[in-house]
Amino acid sequence: MQEPAHPGWTGASRLLVALVSAVFLVASIGAAQITEIIDATGDGAGHPLDDSYSIAVDGLGNVYVAGANSDNAFKVTPGGAVSEIIDGTGDGASHALSYPRGIAVDGSGNVYVAGYASHNAFKITPGGAVSEIIDATGDGAGNPLSFPLAIAVDSSGNVYVTGLLSDNVFKITPGGLISEIIDGTGDGEGHALLGPRGIAVDGSGNVYVVAANSSNAFKITPGGAVREIIDVMGDGAGNTLNGPQAIAVDSSENIYVTGLSSSNAFKVTPGGAVSEIIDSSGDGAGNTLDGAWGIAVDGSGNAYVTGFTSDNAFMVTPGGAAPKIIDATGDGAGNTLDAPLGIAVDGSGNVFVTGLGSDNAFRIPVPRVCGSPASVATRSGGLNLNAYSAGPPAVGNTVQFNVTANYTFGLMLAYGGSASIPLANGQVVLFDPSSAFLFKTSITGLPAGSATVSAPVNPGLCGFTAYTQVVLFGPTSTSTEIVDMTGDGAGHTLMTTQSVAVDGSGNVYVAGANSNNVLKITPGGAVSEIIDATGDGAGHTFFEPYGIAVDSSGNVYVAGRGSDNAFKITPGGAVSEIIDATGDGAGHTLNGAWGIAVDSSGNVYVAGANSNNAFKVTPGGAVTEIIDATGDGAGHALDLPVATAVDSSGNVYVTGFLSDNVFKVTAGGAVSEIIDATGDGGNALCWPRGIAVDDSENVYVAGSCSNNAFKVTPGGAVTEIIDVTGDGAGNTLALPVGVAVDSSGNVYVTGLSSDNAFKVTPDGVITEIIDATGDGAGHALDQPVAIAVDIYGNAYVTGAASDNAFRVQADGPAFQLTNAQDLTVGF
C-alpha cells in the first residue's frame, strides 16, 4: 500500500537534500552491543513482519512494533519473546486492520494501533482484548478520519490520532468520546494544517502535531487553543523545515521536529525559540543525515533522529554533539538496517529503531566508554596525582585519583561530565559521558598526607582524548545565576534574554526580547524593572529589546527592534525616547532597531537592521544617519546591520550580518570596510553578529555561520582568534553571536548553538568559562546570545532560551604544573 503522493518528496521517499551545515563536536558511539530484536519472520510461528514502520516501548522494557505491509503488530519482551498482538482481522468482529503505521503504549500496558488503509484505530489490552476506538466516520458529526498515520496517548488514557488526508486530529477519551481538536484550518489565522503526520502529547495534556504538506507544527492546549509553533522558515536563520514527519516533546515541554526533505531537525522551546539541532552533515565526520524521519527524546534532553535515506540514526546531545548510533550495518553481524523510520527510547536510555526496508527492529543499549585511561606520572612541585582504571570500563569500575598535597587545585577530564561537583575526600562522583562538555571540578584544602577520590567510569561515548591537567590557582572560577524568568519576582518576568550590559559599579542590565522589558541587577542581587512595554509612558511603546548599552554616568540605552526606536533611562528612572521610526526626520527611517552603543561624550549609535543603516544621536537630540545600505559607497554594501561598537576616538563600527562584513565610520564621517567575507584570507567570515573594540582600537567580531571570531587591528591586520574547535579540548564553538573584551585584552565569545562561552587571552589561550550546565546547580544555560565583562574581568552571559543570565567570576592568578600528560580513551 503506497501512501498518497507528497508534493515535497518522491514516491520512494528518498530525496537527497544538500544543506549548509554547522560543525559540532564530533564523537562516535563505541562498540555497543546492538541487537536485532525482531526480523521478517515476526514471531517465528507463521506471523511475519513486513515493513516495520513504527515502534514504542513501555516502562517495563517491552517493545511494540507495527508491521505495515503484514497488517499486524508485535510485542517483544526484554527477554526476547515475540508475540503477535493484533493482525489484519482487527477486533475479529468485522473491523479489519489494514496497513498499520502508528503505534503507542500507555502506562498500563494498553497498546494503540492506527490502521492507515482501514481508516481506524484499535486498543489492545495487556490481556489481549482488542477493540476499535475510532473509524472512518471520525467523530460521527461530519468530520471524517482518512488515512490515520500517527497515534499518541496521554497519562489520562486519552488517545490522539492524525488523519493524513482528512487534515485533522481526533481525541478519544477512555470513555469513548471522540472530538476533532484541529482541522485543516490549523490555527484559524491563515496557518493551515495540511497532511498531519507525527503527533505527541506532554504531561500537561498539550498536543503537538506536524503537517508535512504545510511544513509546520501546531500546539493544541487542553482548552482547545491552537498555535503554530514552527513553519517552513525553520529557525528563521536560513535553516528551513520541509516535509516534517515526526514530533517529540520532553519533560520541559521543548518540542523536537524532523524535516524529511530538509534533512534536519529542530528544537522549539516553550518560549518559542527555534534552533536547528542537526542537519544533513549528520555528525560532521562523514556520516550524513538524509531524509530525517523519526524522532524521540530521553529524560536528559538527548534527541534521537533516524535518517530514512542514509540508513542510520543519530543521538543529538543538549550540547550539540551528534554521534551516529547505528548505520546500515545494523548489528554488524549480518542483520542490516534499511530505511529506518520509527525510533523510541526507554527510561534507561536504550534506543529502539525500526527498518522499513529490512523488516526488522534493533535495540541500541546505553552507549559505553571504550578503552581505559593510562597512568599519569607523578607531577613536580610536591603534588602527586595518579590515575588508573580498576578494570575494563564498565558500570561500577572506577578511576581513582590519589592526592598527596595541601593545595587547592582543579582537576579536568574531557571524556564526559556536565556537572560541576565539588569533591570531598573519598567522595564518589558519577561522570556523565553522554555530555559533550568538559567535566570540571575542584578539590580544596586537602590535608597533608594521602587522600583518594574515586569516580566511576559510566557507560557513555567513546573516541575522546582525556586531558588531565593539574592547576594551582587562587579564587575558584564560579558561575552564578543572577536573574531568571521570574524577573524581579514581583510579576515582571524575563523572557528571551537577548542583550546584557554592565556599568562601572557592577550593576548589570538585561533585556528580555519577549517580555519587552529591561531589568537591573545590583551587585547585591536586587532585581528591578527599569523599562517595560509602555516605553516612556507617553505613548511611545517599547517592543523586542535587542540592544543595550550603558554610559559612565549609569544612563542605560536600549533599542526596541519591534517598536523601531530607542530609549534612554537615567539612574533616577526617567525614561525618554531618543529616536523613533522616522530616523533623522529627513527621509532616512529607522526600521528594526538592533545594535546600540554609547561613547564617552554621550553620543548614542543605533543600527537599523531592516532599514540597513545606522544613526548617531547626540545628547542634545540631533539625529544623523552615519551609514546606509551603500556601505562605503565603493561597492561594499551594508545588509542587515545588527551590532554597533564605538572606540575612545569616536570611531563607530557596524556589522553587516547578511553582507558578511564590518564597517568603520570615523568621527569625521569617512566610511571604510575593515573586514569582509574572506575573513583573514583563509578563514571566512559569515554572518557577523557580535562586535567589540578594545582600548587600542582593535576590533573583534564573531562570525555566526563560520563558527569563529576575528581580531582586526587599527592597521588592518586580520587574525582568526577562535574557531569551531573552541578550546581544542572537546568544547566546541557553534553559532557564535556575542563578543566582549576586557581592559586586559581578553576576548569573550558566546556560542548560541553550543550553549557555552569562551575566554581568549591576548596570547591565544582559549578557555571555556561556562557551558550548558550554567551554574551547575540546576540552572541551565540555553542559547547564550550576549556577553559583557566588568572592570574586574567578571563575565555576564544571557541565555535566550533559558530566560536567564549568569555571572562568571574571573579566576585568580593561575599557573599550570609541568609534566602534564594526556590520557587517551577509546582509541
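Predicted model: local features only at pLDDT ≥ 70, side-chain atom pairs only at ≥ 80, totals over all residues.
Reader: Which residues line the largest cavity?

Author: The lining is made by Tyr208, Lys219, Arg227, Ile229, Glu253, Ile255, Val268, Thr269 and Pro270.

Reader: How is a cavity found, and how many cavities of 30 Å³ or more does the whole structure have?

Author: The general idea is that empty space shows up when a probe the size of a water molecule is rolled over the atoms. Searching the whole structure this way gives four cavities of 30 Å³ or more. The space in the largest cavity is about 60 Å³.

Reader: Turning to the chain, how many helices and strands does the protein chain have?

Author: The protein chain has 64 strands and zero helices. It has 827 residues, and 57% of them count as buried.

Reader: What share of contacts joins residues at least 24 apart in sequence?

Author: Take the contacts in the protein chain between residues at least 6 apart in sequence: 50% of these join residues at least 24 apart.

Reader: Is strand β6 buried or exposed?

Author: Buried means under 20% relative accessible area. Strand β6 covers residues 100-105, and six of its six residues are buried, so the strand is largely enclosed by the rest of the structure.

Reader: Which strand does β6 pair with, and over how many bridges?

Author: Strand β6 pairs with β7, residues 111-115, over five bridges in the antiparallel sense. One of the bridge partners to look for is Val111 in β7, which goes with Val105.

Reader: What lies between β6 and β7?

Author: Five residues lie between these two strands, which form a hairpin. In the turn, Gly109 has a positive phi of about 90°.

Reader: How should I read a sheet, and what is the order of the strands in the one that holds β22?

Author: In general, side chains of a regular strand alternate between the two faces of the sheet. Here, four strands form an open sheet in the order β22-β23-β24-β25, with antiparallel pairing. Strands β22 (292-297) and β25 (324-326) are the edges, each pairing on one side only. From one strand to the next, the twist averages 30°.

Terms used:
Residues numbered from 1 in each chain as written. Heavy atoms only, no water. 1 Å grid on protein atoms, 1.4 Å probe; cavity = no way out; pocket = protein on both sides within 12 Å on 5 of 7 lines; lining within 4 Å. Points joined across faces, edges and corners; volume = space filled by probe spheres on them. Pairing = 2+ DSSP bridges. Axes fitted to C-alpha atoms, helices over the stretch in contact; angles between N-to-C directions. Buried < 20%, exposed > 50% of the residue type's maximum accessible area, 1.4 Å probe, protein only. Contact = heavy atoms within 4.5 Å.
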